[in-house]
Amino acid sequence: FATELWQWVAARLLLGLVIVMSAFPLYWSVVVASHDQAAISHYPPVVLPGPHLWEHVRTAFEQANFAKALWNSAVVCGVITLAVLLTSTLAGFAFARLRFRGRDAMLGFVVATMLVPTQLGVIPLYIMVTRWFGWANDLRAVILPAVVSAFGVFFMRQYLVTALPMELLEAARIDGASTLRIYRSVVLPVARPAAAVLGLLTFITAWNDLFWPLIVLNSENPTVQVAISSLAAGVTVDYSLTLTGAVIGTGPMLIVFLLLGRQIIGGIMQGAVKA
């Protein structure tokens, strides 16, 4: 009994330590955002929130057009997430259970694209979206390059190989179902747990993306990360204001996880049981 009690206490202490270490950067951002610039260099450092948080929030919305940035990021992330889920489940199903010439070579090519640094394609991609399509400072320039994810295709393929039995597909074909009907009625329900995880990862990645939106967008039509970078621009950086923007940008992610976290974790466990 004593050994089990010690293990229980040790596990809770370890989990508590992990929670504190994970939450401390966000808490520190709130503390700095709620004080003025002078408090950052104060010794000993301030550890409690101050009175200036809402003042800094109003300033951030006025200076960096945060209302439009939040809306733009929501639109971009929503469209990208839906597109990635559609393309990844379709391609993952094809690579996992359909037989066609060159399947393995095509899958190898898709996986190989993950090894190519994003920076290598920036110049031709910028020329394409700005000169060919005329999408400079347009949200479509951010959405188009991200509608297909090599990781998403590989992830869904690996999941469906184990979770989607061939017998189920053969039974559907015997009943006269077409490939599209099989995808809609058989594959999508089976792929739901993995799709929930992929959707969350895609949404977070798109929300936190700075590199490409900073190139094709400006402060007049920003996403959240571009708006935060505009707060940090200048000769002297106002860290209180910058971290205020970071707190504003983190808020929607916390809300999404609080609302959907249980369903996503349940989907992971359901997928594990099926696999």
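**Close-up views of a predicted model**

Asp-104 is exposed, with a relative accessible area of 57%, in a model that is predicted.

**View 1. The salt bridge between Arg-103 and Asp-104.** The side chains of Arg-103 and Asp-104 meet in a salt bridge, with a distance of 3.8 Å from N to O, against a cut-off of 4 Å. Whereas Asp-104 is exposed, Arg-103 has a relative accessibility of 23% and therefore counts as partly exposed.

**View 2. The salt bridge between Asp-138 and Arg-140.** Here the side chain of Asp-138 meets that of Arg-140 at 2.9 Å, again taken from N to O, and the count of salt bridges by this rule comes to two. Arg-140 counts as partly exposed because its relative accessibility is 43%.

**View 3. The loop that holds Arg-99.** Arg-99 lies in the loop between α3, which covers residues 66-97, and α4, which covers residues 103-113. With a relative accessible area of 72%, Arg-99 is exposed, since the term applies over 50%. From C-alpha to C-alpha, Arg-99 and Arg-12 are 49 Å apart in space, and in sequence they are 87 residues apart.

How values were computed
Residues are numbered from 1 along each chain as its sequence is written. This is a predicted model: local features need pLDDT of at least 70, side-chain atom pairs count only at pLDDT 80 or more; totals for chains, interfaces and linings use all residues. Side-chain values use heavy atoms; hydrogens and water are left out. Helices (H or I, at least four residues) and strands (E, at least two) are DSSP runs, numbered from the N terminus. Buried means under 20% relative accessible area, exposed over 50%, partly exposed in between (1.4 Å probe, protein chains only).
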